[in-house]
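I opened this model to look up its strands and its aromatic contacts. My entries follow in the order I made them.

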Amino acid sequence: MKKLVWAPFFITLLIAQDNNLLFSEYAEGTGNNKYLEIYNGTGSDVDLSNYALVRYNNGNDSPGDENLYPLSGSLTNGEVYVIANSQADPTGILPYNDDNGSSIMVTYYNVDDYLGLIQDSDNNGVFDNASEL
């Protein structure tokens, strides 16, 4: 049974590595012990200013409910970028936080919230959730 569970994940990871960044880890622990991890398996360093995180609360998905968090900096191929809640475990989570606090609000999620990673693929300076998510 483990092989059936592992194989689809492994195939997905290989496909995603050829194309773009991906969420490699998502944690929703007790209280504010929450973080997101973004992995770069593209084969090249990536300029994060072309990316944003989007969060919709409580299962909503209309444009008026969108919370957008543009990223900045760069992410080296094979590395991860971690965004942790500032109130997370100070010894188990926060030492791994790469965010400067500008995207920290994205970690105010729970089980019925929608999270996405958007790339400004047409380089027009606008993150279009409908076509670029």
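The entries below go from the overall fold to single residues.

**Ground rules.** I am working on a predicted model, in which local features need pLDDT of at least 70, side-chain atom pairs count only at pLDDT 80 or more, and totals for chains, interfaces and linings use all residues. I number residues from 1 along each chain as its sequence is written, and side-chain values use heavy atoms, with hydrogens and water left out.

**Fold.** I looked up the secondary structure and found 2 helices and 8 strands. Helices (H or I, at least four residues) and strands (E, at least two) are DSSP runs, numbered from the N terminus. The order along the sequence is α-β-β-β-β-β-β-β-β-α. Of the 133 residues, 34% are buried; buried means under 20% relative accessible area, exposed over 50%, and partly exposed in between, with a 1.4 Å probe and protein chains only.

**Strand β2.** I checked residues 34-39 and found 6 of 6 buried. Lys34, Leu36 and Ile38 are covered on one side, and Tyr35, Glu37 and Tyr39 on the other. In a regular strand the side chains alternate between the two faces of the sheet.

**Partners of β2.** I found antiparallel pairing of β1 with β2 over 6 bridges and of β2 with β7 over 5 bridges; two strands pair if DSSP finds at least two bridges between them. Glu28 is opposite Lys34 in β2, and Ile38 is opposite Tyr81 in β7. The hairpin of β1 and β2 has 5 residues between the strands, and Gly31 there has a positive phi near 55°.

**Aromatic pairs.** I noted 2 of these in the structure. Rings of Phe, Tyr and Trp (its six-membered ring) pair if their centres lie within 6.5 Å; planes under 30 degrees apart count as stacked, over 60 as edge-to-face and the rest as tilted. Tyr26 and Tyr109 are stacked, at 5.0 Å centre to centre with 25° between the planes. Tyr26 lies in β1 and Tyr109 in the loop between β7 and β8, so the pair ties together parts 83 residues apart in sequence. Tyr26 is partly exposed at 41%, whereas Tyr109 is buried at 1%.

**Lys34 again.** I found its charged end over the ring of Tyr109, 5.5 Å from the centre. The criterion is NZ of Lys or CZ of Arg within 6 Å of the ring centre and within 35 degrees of the ring normal.

**Leu115.** I placed Leu115 in strand β8, and it counts as buried at 19%. Beyond four places in sequence, Leu115 touches residues including Tyr26, Leu36 and Tyr109, where contact means heavy atoms within 4.5 Å.
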